[in-house]
There are 2 protein chains.
Amino acid sequence: MTEKKLEQVAGNGLINRRHLLGMGLTGMGAVAGSRVLAADGSGFEIPQWSRQPGPGPSAYGAPSSHAIALQRSSGFTNPLYPGGGASRTPLQHLQGTITPNSLHFERHHAGIPDIDPAGHRLVINGLVRQPLAFSYEDLLKYPMQSHVYFLECSGNSGALLRGAQGGDVQTLHGLVSCAEWTGIQLSTLLDEAGVSDEARWVAAVGADAASMGRSLPLEKAMDDVLVALFQNGEPVRPEQGYPMRLFCPGWEGNISVKWLTQLKLTRAPAQFRDETSKYTDTLGDRRSLQFTFPMDVKSLITSPSGEMSLPGAGLYKLTGIAWSGAGSIARVEVSADGGRSWADALLESEARDKALTRFSIPWQWDGGNAVLQSRATDSAGSVQPTRDTVLTARGTLANYHNPCIQSWGVNSTGEVSNVYV
Amino acid sequence: MTEKKLEQVAGNGLINRRHLLGMGLTGMGAVAGSRVLAADGSGFEIPQWSRQPGPGPSAYGAPSSHAIALQRSSGFTNPLYPGGGASRTPLQHLQGTITPNSLHFERHHAGIPDIDPAGHRLVINGLVRQPLAFSYEDLLKYPMQSHVYFLECSGNSGALLRGAQGGDVQTLHGLVSCAEWTGIQLSTLLDEAGVSDEARWVAAVGADAASMGRSLPLEKAMDDVLVALFQNGEPVRPEQGYPMRLFCPGWEGNISVKWLTQLKLTRAPAQFRDETSKYTDTLGDRRSLQFTFPMDVKSLITSPSGEMSLPGAGLYKLTGIAWSGAGSIARVEVSADGGRSWADALLESEARDKALTRFSIPWQWDGGNAVLQSRATDSAGSVQPTRDTVLTARGTLANYHNPCIQSWGVNSTGEVSNVYV
């Protein structure tokens, strides 16, 4: 009777981590699955791969053929909207906090421009003492900064606002990723051009065929915004803005303009298409909130998650990610009973400002129905809201900025699915 | 006379960072290369890539075809030593601190075993209360930790001890990389088996055909050692030990045993081949130091570096990496006059324990001869030594553990090469 031995830290099977220790020793082998051995470690044949030399070093490595093939998933594409669309990160298969560059989510409005850096310029003009144009080579000469930051599309998790049925964590929440971004502080380049006293906004425009443009308040531009040229150590990938992108830590992804080619200092927002007809938050009375930039405190259980199947009652590790545009993650709580009771999860990675944090907690599933949830609290003291709270505040017409608690239902056959409670 | 305007912070052209500001405004356009524009930003044609939509999202991304193709470099291979060898990280082309998984250096003693996790076991036996064997699935249930750590082969930079002529930074120093490693604290698994009081060492063995084995002091095993299952968010790559490796932060790479299959608790070191005939430090009197585990404080200028060519006198950014097995990097100094004078470099990334730190400093090259060096100081107060200091301490027979200051010579034609001063 394993359950009897385990101190419950919250309802429906959430147990204390220290109960994982000694599992091999107390007849709980079935829980850990670890096998008790003869002292000489006998009973295991030497596998074939240990009997013969394998291939040597290679110029560029690849994942194991025995590991699941990690891929971004694409939504539908619209023939009237060439190059438009998104692809999502396979969060259900990743651990830790870094997203490999090939798996970082994408969102494009006119596809990926094939930019030759030799022909690309970054122009700073408008309300400046002296307009300037920088080549890629110019920018490589400036001091840079490296930070690990999350990036999240403001449309991420929007399907839950619309009551989407089913879906896995990649489809529902895969528009968030995390990488080390290396670039020049935007304030350094703005100081080069000399910002005029009357300037209040920076209009950022990309070199893609959509001329993706967003207006950035000068205060943020002079704070922690980067012109990013490198991503996890290598040049920014084409789908992330090669040769350069704006990176606005903690803010909705769309304002981190990719393929950045112009920064125009202005008195007022430029009212670009993507800050008027899109990327605004429509309220119940059909008024729209504009320029809601920061991403809210949020967390997700990534495993087990939607469309997974649990083989049977026993011990599982619940793990997931948490992040906040307002700072670092101070706490993540987990519930296995739909929010009636909560237990603190272990934070498996160091607290980093505006970066993903990994959490986990052991769960002893008794084989019955369960609803798994996580709830994050950030360093500013903000707590992740329920879906009802978000719908009450934003109405049912909202498409963007949904930080709501995700509920994963587990039924008695072990099927995990997206549910609303 | 640009040089006249610049405050020298050390000899032979090292300048204060603040002089990078305003370069576009003070007739120093030639220094920054930035172009003064008409206020409307005119004079730039809209490039072809901005005139038509590009391709949409993809399942797995790739670098830009316009960026230099980043590849690991392999040394010679020996037909009598199948699968043996190494490949090196292209440090001269990377920025920031993270090494992409496909570019992380490799070192194999019998090639890469093609391990199916379903047939792999991690056995803990020897001086334990209860021997145990863990499957991959078992281990995935344990709490994990994620940390960004460097990994360096103790043979890295050994060619400099032997007075190697020429060579680029990848060939000379490319056996160091940095990644986010996610795994289970080894102490957790050892507690599972119950370490006997008389145990002092842990003999770790890999599942490769070389049965690579190393002996690890119990104190370190119970401190910060991980059984790592993930690397930069995805499963550990085959060449890094898939499905699992030992990871001993700050210690020579060879002891972070890959394809880990056995941990045997013992009273004394096992005296494996790779801690007797290899990976020992032979002194001048032919005695050998054994078990010199920690990697010393070290730094390198990665650009400009060996076999590069500077196009002409003017402003350059000197950048590189620093790390220490004893903690974080507190300071990096740079010299452009062969060590006669030094200036503090900017640390571009946050100080992390046992991880790479990125540094940079601007350099105004006057077109004459120069010798570029960097010198790191770690949080323990240790300062990176000169080559002469290392040779005096370790003699001329040493092959491993060379943390010496690298000197890059620049001649009047702009050619950069490995020199000894």
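Through which surface do the copies meet, judged by the interface residues of chain B and chain A?

1. The copies meet through the same surface, because 99% of the interface residues of chain B are also interface residues in chain A, where contact means heavy atoms within 4.5 Å. This is a predicted model, in which local features need pLDDT of at least 70 and side-chain atom pairs count only at pLDDT 80 or more, while totals for chains, interfaces and linings use all residues. Residues are numbered from 1 along each chain as its sequence is written, and side-chain values use heavy atoms, with hydrogens and water left out.

2. A:Tyr316 and A:Trp363 form a tilted aromatic pair, 6.3 Å centre to centre with 45 degrees between the planes (ring centres of Phe, Tyr and the six-membered ring of Trp within 6.5 Å; planes under 30 degrees apart are stacked, over 60 edge-to-face, the rest tilted). The pair links strand β20 (residues 314-323) of chain A, which holds A:Tyr316, to strand β24 (residues 357-365) of chain A, which holds A:Trp363, 47 residues apart (strands are DSSP runs of E, at least two residues, numbered from the N terminus). Both A:Tyr316 and A:Trp363 are buried, that is, under 20% relative accessible area with a 1.4 Å probe and protein chains only.

Note on methods:
Chains are lettered from A and ligands numbered from 1 in the order in which they are written. Helices (H or I, at least four residues) and strands (E, at least two) are DSSP runs, numbered from the N terminus. Buried means under 20% relative accessible area, exposed over 50%, partly exposed in between (1.4 Å probe, protein chains only).
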